[in-house]
Amino acid sequence: MSYIFTSESVSEGHPDKLCDRVSDTVLDLFLKYEPEARVACETLATTNLVVLAGEVRASKGKVAQIMAEIEPAVRAAVKDIGYEQDKFHHANFEFQNYLHEQSTDIAMGVDSGDNKDEGAGDQGLMFGYACDETDVLMPAAIHYSHQILKDLATIRKQDADLILGPDSKSQISLFYDDAGRPTGVHKVVLSTQHSAEATQAEILALVTPVIANVLPDGWMVSGDDLLVNPTGQFVIGGPDGDTGLTGRKIIVDTYGGAAPHGGGAFSGKDPTKVDRSAAYASRYLAKNVVAAGLASRCTIQIAYAIGVAEPVSLYANTHGTGTIDDQKLQQALRDCMDLTPRGIRQHLGMNAPIYAPTAAYGHFGRIADEAGAGTFSWEVTDLVDALRAAAR
């Protein structure tokens, strides 16, 4: 049966994404000084106000130093996004920091000891997904939605006089054939903040070639199928237009609705928290399965109990596209990777300040971060040979 499927993305200047960036900036600051630091940082942003709350743990000698550096780091992150508006300016917003020490009860369950390995930071279930719709093995609709906004942000930051603002959203609806393959675009929706002087014609002329350059040849649409700023005006944006919170864009962060999400958000959480690290590990495993040619689609679920190191379950589903039995694949995945929290962190090198670039344009399908520093470790396909061997 043919169908239409839609995914959306939001830019780094969207209020919720700004909060994700701030939370991950705080996390990176702690990990810079102490790789084993514990952080759960939540951010709220509204008109001329940014508020932090949550739990942290680091060596007592370092906490005071890190706390002193948080406000300048947060303001620098907001400046990098591009907010210099009258009612939300990186230099002028009120800043409140309510981070406090992590609960000793949680620490007791997570920490390793004489008779136990490090346990999961919480119970929960995490999903990973990969498919061969795009070269980065991501669903096409979310991949193209992300890329349009990334390219618009690059253009905006290269020209200080550009008519575009930091806050924007994209949405792409694709046609799929009876075999479940994308065949073309049904609709493109793009809403972007702009200067008060900009006309609708100017905005359309600016964004249309960007969209066309992202989409595959022959897929570009026009007329009523290309909806740019359909309300007619988007001058007031960012936290001044809509309050932002950390963790409210979990479907944007993952697979655009094309695959399940376990429920936990990612940003602001250190990698002992498996709702982040195990979601990354699940994507890593699913991507390697597809890259190895063992399936064209793969969903992985991993579940944990708080304080327990080994996952309570591992599930693999190749949706009828697998070249081996799914149960055999599950064993092959266990043979190829230690899925304890410590094993995941060590395998993927996660105890490092690597998280701020993940905060916008998706945590998956990213070949390189914004600084060009290389591929996210969970996007590497270095398990291909081991999986093929284990699956024989």
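**Figure 1. His319 is partly exposed in the predicted model, with a relative accessible area of 30%.** Here, buried denotes a relative accessible area under 20%, exposed one over 50%, and partly exposed a value in between, computed with a 1.4 Å probe on protein chains only. His319 is not a glycine, yet its phi is positive, at about 55°. The residue is placed in the loop between β13 (313-317) and α8 (326-336); helices (H or I, at least four residues) and strands (E, at least two) are DSSP runs numbered from the N terminus. This is a predicted model in which local features need pLDDT of at least 70 and side-chain atom pairs count only at pLDDT 80 or more, whereas totals for chains, interfaces and linings use all residues. Residues are numbered from 1 along each chain as its sequence is written, and side-chain values use heavy atoms, with hydrogens and water left out.

**Figure 2. Tyr361 and Pro353 lie in the loop between α9 and α10.** Tyr361 has a positive phi, near 70°, although this residue is not a glycine. Tyr361 is buried, its relative accessible area being 2%. Pro353, in contrast, is partly exposed, at 43% relative accessible area. The C-alpha atoms of Pro353 and Val26 are 9.6 Å apart in space, while the two residues are 327 residues apart in sequence. With neighbours within four places in sequence set aside, Pro353 is in contact with Asp28, Leu31 and Lys32, where contact means heavy atoms within 4.5 Å.

**Figure 3. Tyr280 and Phe364 form an edge-to-face aromatic pair.** Rings of Phe, Tyr and Trp (its six-membered ring) are taken to pair when their centres lie within 6.5 Å; planes under 30 degrees apart count as stacked, over 60 as edge-to-face and the rest as tilted. This rule gives a count of 11 aromatic pairs. For Tyr280 and Phe364, the ring centres are 5.7 Å apart and the planes meet at 85°, so the pair is classed as edge-to-face. Distant parts of the chain are linked by this pair: Tyr280 belongs to helix α7 (residues 274-291) and Phe364 to the loop between α9 (341-348) and α10 (384-390), 84 residues apart. Tyr280 is buried at 0% relative accessible area, and Phe364 is buried at 2%. One aromatic cluster comprises Tyr129, Tyr255, Phe266, Tyr280, Phe364, Phe376 and Trp378.

**Figure 4. The charged end of Arg75 sits over the ring of Phe93.** The distance from this charged end to the ring centre of Phe93 is 4.3 Å. A charge is assigned to this position if NZ of Lys or CZ of Arg is within 6 Å of the ring centre and within 35 degrees of the ring normal.

**Figure 5. Helix α7 is largely enclosed by the rest of the structure.** Of the 18 residues of α7, 17 are buried, so the helix is largely enclosed. From its first C-alpha to its last, α7 reaches 24 Å, close to the 26 Å expected; the expected span is 1.5 Å times one less than the number of residues. Just after α7, Gly293 adopts a positive phi of about 80°.

**Figure 6. The largest nonpolar core has 75 residues.** A nonpolar core is a set of buried Ala, Val, Leu, Ile, Met, Phe, Trp, Tyr and Cys residues joined through side-chain atoms within 4.5 Å. Those with the most contacts inside the largest core are Phe30, Ile70, Ile300, Tyr304, Leu333, Leu339 and Ile344. Helix α7 gives the most to this core, contributing 10 residues. Beyond its neighbours within four places in sequence, Leu333 is in contact with Leu285, Val289, Ile300, Leu314, Ala316 and Leu387. A second, separate core has 28 residues, among them Ile148, Leu174, Ala198 and Tyr361.

**Figure 7. Helix α4 (residues 140-158) has end C-alpha atoms 27 Å apart.** This separation agrees with the 27 Å that its 19 residues should span at 1.5 Å a residue. The buried residues of α4 include Ala140, His143, Tyr144, Ile148, Leu152 and Arg156. Among the elements covering the buried residues of α4 are β1 (3-10), α2 (60-81), β8 (164-176), β9 (182-194), α5 (200-214) and α6 (250-253).

**Figure 8. The whole structure contains 0 disulfides.** A disulfide is defined as a pair of cysteine sulfur atoms within 2.5 Å. The cysteine sulfur closest to that of Cys41 is in Cys19, 9.7 Å away, which is too far for a bond. Cys41 counts as buried, at 1% relative accessibility. Cys131 is likewise in no disulfide, the nearest cysteine sulfur being that of Cys298, 11 Å away. Cys131 is buried, with a relative accessible area of 1%.
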